[in-house]
4 protein chains.
Amino acid sequence: MTLTPEQQTEIETARAAAHSTRRATVPALEELLFTALPVLDHGFVRVVDYMGDDNAVVQAARVSYGRGTRKTTEDEGLIRYLMRHYHSTPFEMCEIKYHVKLPIFVARQWIRHRTANVNEYSARYSIMDKDFYIPSPENLATQSASNRQGRGDVLDPETAARVLALLRADAEQTYDHYAEMLDEEGIGLARELARMNLTLNTYTQWYWKTDLHNLFNFLRLRADAHAQYEIRVYAEAMLETAKAWVPLSYAAFRDYRLGAVTFSAKMLDVLRAMLAGESPSPEESGLSKREWAEMMGALGRKDGT
Amino acid sequence: MTLTPEQQTEIETARAAAHSTRRATVPALEELLFTALPVLDHGFVRVVDYMGDDNAVVQAARVSYGRGTRKTTEDEGLIRYLMRHYHSTPFEMCEIKYHVKLPIFVARQWIRHRTANVNEYSARYSIMDKDFYIPSPENLATQSASNRQGRGDVLDPETAARVLALLRADAEQTYDHYAEMLDEEGIGLARELARMNLTLNTYTQWYWKTDLHNLFNFLRLRADAHAQYEIRVYAEAMLETAKAWVPLSYAAFRDYRLGAVTFSAKMLDVLRAMLAGESPSPEESGLSKREWAEMMGALGRKDGT
Amino acid sequence: MTLTPEQQTEIETARAAAHSTRRATVPALEELLFTALPVLDHGFVRVVDYMGDDNAVVQAARVSYGRGTRKTTEDEGLIRYLMRHYHSTPFEMCEIKYHVKLPIFVARQWIRHRTANVNEYSARYSIMDKDFYIPSPENLATQSASNRQGRGDVLDPETAARVLALLRADAEQTYDHYAEMLDEEGIGLARELARMNLTLNTYTQWYWKTDLHNLFNFLRLRADAHAQYEIRVYAEAMLETAKAWVPLSYAAFRDYRLGAVTFSAKMLDVLRAMLAGESPSPEESGLSKREWAEMMGALGRKDGT
Amino acid sequence: MTLTPEQQTEIETARAAAHSTRRATVPALEELLFTALPVLDHGFVRVVDYMGDDNAVVQAARVSYGRGTRKTTEDEGLIRYLMRHYHSTPFEMCEIKYHVKLPIFVARQWIRHRTANVNEYSARYSIMDKDFYIPSPENLATQSASNRQGRGDVLDPETAARVLALLRADAEQTYDHYAEMLDEEGIGLARELARMNLTLNTYTQWYWKTDLHNLFNFLRLRADAHAQYEIRVYAEAMLETAKAWVPLSYAAFRDYRLGAVTFSAKMLDVLRAMLAGESPSPEESGLSKREWAEMMGALGRKDGT
């Protein structure tokens with residue numbers, strides 16, 4: 001799965017090639033094409049192909065011909081309007097394709113986003129490389145006491161070393177047995193069977209293609225502070241590619257999605273009372289303790305008094 | 001909705017523009033970009049954008065880097081293998097976007113293909129053009145006696161003239177009343193209400209984007225001889241664009257889908273008996289009369305004797 | 001398409017039937033089964049079948065066996081948590097199927113929600129009934145001056161009468177010509193052709209099936225005050241069925257979706273300033289005039305001072 | 001994840017409960033509700049809920065009211081017609097929900113079917129059980145020499161024993177280290193991290209819900225002889241549930257999908273020549289060797305002479 005010298009040469013040749021096209025072209029994203037952005041210890045994200053740009057969103061919204069005489073400020077206003085009001089179909093008119101190398105346990109989270117096209121490296125057909133994810137010590141943390149699916153404190157160096165030793169030794173051993181079972185001079189076990197001995201931190205890779213609307217949905221959930229670190233770093237690398245590709249749509253996405261907060265009907269009641277100079281109490285608000293804390297956090301307050 | 005001289009100029013300017021790109025580029029499809037292929041009396045199909053080519057299918061199937069050293073014959077064999085065995089995900093790696101102008105009753109059939117992205121001209125937001133589909137006399141036919149959703153004999157000239165007169169007069173009149181209701185100097189009715197007075201042969205238009213796998217699904221059903229003529233002509237125009245875009249995938253599609261026939265388990269029994277020199281009868285076959293006729297038709301025989 | 005006396009009898013028989021099942025059953029929704037809720041002048045919505053209940057959402061979230069010993073208050077808290085944090089998959093575990101009779105121009109908006117299963121009455125196969133939507137005078141309004149896709153003032157009685165006369169006469173005439181073209185003793189035109197002469201306010205009908213998550217998405221957009229009246233009334237009837245079916249999920253949906261407001265990153269800055277006792281101005285906020293107005297409206301204020 | 005005595009009691013209680021409903025009910029499937037069908041060494045499939053029956057398919061196809069006066073033979077003919085002509089939407093009107101326990105490497109294949117709703121046991125949130133799949137010796141085979149993703153000969157007993165010892169020891173060890181890392185009295189590592197040390201034969205479980213059309217698509221691919229044994233046995237158990245649920249649709253599926261063969265345009269040329277008494281040769285046919293062999297196999301012939 002890793003790159004042979006021949007493949008490196010091919011990619012560089014592809015990067016050097018220039019074709020002439022009538023299609024919308026984005027120079028800033030062209031710069032990133034065929035360039036692997038490193039993620040985790042052995043993973044990467046690279047843009048393989050794309051279709052459309054900010055103007056394709058505008059054009060679809062107008063279902064009009066050509067570029068028109070509108071100025072950029074109007075385009076920006078329209079894109080912001082579309083994003084704010086959840087008019088998602090114009091954003092579906094842009095498409096992007098990534099090549100990603102990622103640990104299997106990350107791939108299992110990622111694949112839950114169903115509105116994408118995927119071609120994954122097949123361990124029925126081919127032999128997996130000996131690549132596994134071993135966290136950096138600073139990313140090893142205890143189970144969160146307050147959040148059933150989060151992390152708490154970072155492990156002390158000694159404990160971290162013990163964990164890393166276990167992860168490394170088990171991944172090495174299970175891979176070596178995988179290779180032993182596959183060996184055609186020895187056991188020669190079918191690949192579709194031998195693969196079951198690999199651990200979930202083994203790296204796989206895939207082509208993943210989606211439209212801009214669904215890419216933003218993915219990024220909103222996976223670039224969020226509550227997402228698991230190991231998938232969030234992929235989302236962060238992809239945010240960079242989106243910014244290069246569709247700067248106006250990306251800015252609207254940051255403002256209306258990533259940086260936005262939704263207040264429930266009950267929260268709005270509390271908010272209106274606060275703005276009227278009242279001091280509503282958590283108890284009377286009808287909000288749960290957690291909701292109250294989330295709301296006050298979003299407003300930059302410790303409490304509501 | 002129709003093209004103003006300014007818009008024509010814009011499209012021609014866009015057609016004349018040439019950008020430099022590192023993306024896979026298909027010269028034969030570039031030729032067709034920004035060119036409206038006429039369909040029916042006022043409709044058209046034009047390719048607005050595309051992503052990928054035959055090689056992108058191969059590349060996804062291999063999830064490998066670059067073009068490799070494989071020869072074209074191997075790529076062709078791989079594409080044929082993928083098509084034959086319904087390995088559909090590699091074909092999902094190519095994407096195409098069309099701009100289509102079509103009658104509303106055709107749009108209502110078309111939209112049933114859900115795996116596509118669509119932006120349609122909005123009659124809530126804008127005023128519809130005075131364009132409606134009036135069939136050619138040779139396309140006016142009686143209801144089929146044998147097929148509840150098909151056509152029978154072509155109408156005689158006099159009857160056809162009567163039908164065309166009715167269609168034309170009603171479309172004219174309902175459109176004129178639509179315009180009267182909209183008139184801001186007069187009634188000034190909301191567009192979202194006035195539109196309900198239009199007939200179903202009024203033309204609309206949309207951007208329609210899909211991947212190659214789903215495009216083939218659409219074409220298999222809509223380029224079929226049993227599809228309604230008025231949607232089939234759109235499918236036929238799109239077949240031409242697919243042929244220019246992905247010639248190897250297109251050839252495999254023709255062989256394994258468009259020109260293929262599926263025989264049921266019972267039909268295979270009949271076939272094996274025929275090949276063994278027997279003369280199975282329709283009655284003993286377990287097939288319905290219609291199935292028997294369909295099967296013998298596919299085999300180029302009038303009956304099975 | 002309308003109900004014959006025989007069909008009425010059948011529906012009543014079906015309503016009277018009682019089967020024994022081990023499946024989760026919701027008495028309040030059973031009451032509504034096979035009962036058409038009237039919408040507009042000739043339309044209706046009726047629940048034909050359903051799968052799951054509030055507990056199925058909880059069960060999927062826990063992927064646990066059986067009902068467990070949890071109390072209802074915990075279930076409610078969990079459902080609210082899932083809704084608040086956009087954990088949508090547990091809501092996908094419930095499914096509902098409607099039979100709907102609706103004008104074609106409403107059907108064209110509705111079908112844009114792609115994540116549903118649809119079987120529509122076929123005008124290729126069958127003859128459409130002579131049923132068309134004619135608005136009530138109080139629902140006839142002028143084009144909005146401020147909103148390109150909305151309504152303004154209600155028409156005066158005389159103008160409304162003129163509109164209704166036009167709509168009625170055109171629908172009658174085009175239908176009569178449709179019938180004339182279809183007449184097997186006369187022209188005998190194929191149904192798939194004759195239908196193009198019908199106006200967009202002709203009623204059609206379909207079976208529409210979706211899961212609870214996608215039903216809520218539909219209702220959020222279509223029960224909204226900005227949705228066109230003619231589709232909103234369908235959404236409102238369906239809200240009633242959702243309330244009977246899954247009362248806890250429905251209450252969470254009202255609080256966190258229907259009654260909620262999302263503030264952008266820029267709006268949050270304004271809000272924090274207001275809570276700190278400052279008086280941010282629209283000009284300095286970075287918000288557009290429309291955004292400012294929307295935000296202050298949500299906070300129950302005329303302006304931000 | 002396994003059943004505690006309390007959970008067993010709950011399931012038995014649920015099984016014993018009987019509710020009254022107006023919905024379509026299928027006694028043969030009710031019998032199977034809440035009953036786990038064992039698959040592999042620790043897996044199972046059980047039907048949790050369902051909506052609709054064969055009649056719901058017919059009803060959707062007719063978009064008519066109630067059961068009508070049609071006889072069962074007509075319903076059967078209609079269902080067979082729909083299946084033969086790929087009219088898939090009526091089959092989408094039925095829905096089924098399964099609870100499945102399955103090894104992770106099987107889950108990774110299964111999840112590629114995107115048109116389903118899934119809620120999987122979360123290893124971020126909960127601790128995985130110590131259950132892993134260890135094949136039976138007769139299911140351990142060498143890599144196929146002819147098929148890059150298949151199995152060849154069964155391993156000899158001694159080699160099989162060696163493989164089983166490796167699989168067992170590695171799964172035990174990695175699980176024990178997983179438990180050690182999780183131990184709150186010891187390392188206390190976050191669950192979302194510790195899980196990466198598990199092997200791919202660890203069992204997971206999920207709720208999986210889909211409509212009848214997509215269930216058939218899944219079964220056609222996964223009950224096929226070329227599917228990997230470990231997923232095929234799940235498909236086979238599900239075939240039994242489909243047979244109990246919708247016997248007419250199931251019979252049509254067997255005839256027109258599972259037992260059917262598609263001949264390409266080129267294959268049809270060969271077939272017509274054979275029926276005309278000619279002896280076309282593989283070389284002249286334009287078919288690849290593999291295609292020729294597949295075709296002759298389907299016709300029950302060793303070669304084409």
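So, the contact between chain B and chain C: 42 residues come from chain B and 42 residues from chain C. Two residues are in contact here if their C-beta atoms, placed from the backbone, lie within 7 Å. On the side of chain B that touches chain C, the elements giving two or more residues are β6 (141-143), α6 (157-182) and α7 (191-194) of chain B. Of these, α6(B) gives the most, with 10 residues. Helices are DSSP runs of H or I with at least four residues, strands are runs of E with at least two, and both are numbered from the N terminus.

What is that side of chain B made of, by class? There are 19 nonpolar, 14 polar and 9 charged residues. For the classes, Ala, Val, Leu, Ile, Met, Phe, Trp, Tyr, Cys and Pro count as nonpolar, Asp, Glu, Lys and Arg as charged, and the others, Gly among them, as polar.

Before I go on, please remember that this is a predicted model, where local features need pLDDT of at least 70, side-chain atom pairs count only at pLDDT 80 or more, and totals for chains, interfaces and linings use all residues. Residues are numbered from 1 along each chain as its sequence is written, while chains are lettered from A and ligands numbered from 1 in the order in which they are written.

Now, how do the two copies relate? Chain B superposes on chain C by a rotation of 180° with 0.0 Å of shift along the axis, at RMSD 0.0 Å. That is the relation of a two-fold axis. In chain B, the C-alpha nearest the axis belongs to T199(B), 2.0 Å away from it. The superposition is by least squares on C-alpha atoms of residues with pLDDT of at least 70 in both copies. And 100% of the interface residues of chain B are also interface residues in chain C, so the copies meet through the same surface.

Most residues other than glycine have a negative phi. F34(A), not a glycine, has a positive phi of about 65°, and sits in the loop between α2 (27-32) and β2 (37-39) of chain A. L40(B) also has a positive phi, near 55°, in the loop between β2 (37-39) and β3 (43-51) of chain B.

Are these residues buried or exposed? F34(A) is buried, with 21 other C-beta atoms within 10 Å, and L40(B) counts as buried with 21 C-beta neighbours inside 10 Å. Buried means 20 or more other C-beta atoms within 10 Å of the residue's own, exposed means 12 or fewer, and partly exposed is in between, with C-beta atoms placed from the backbone.
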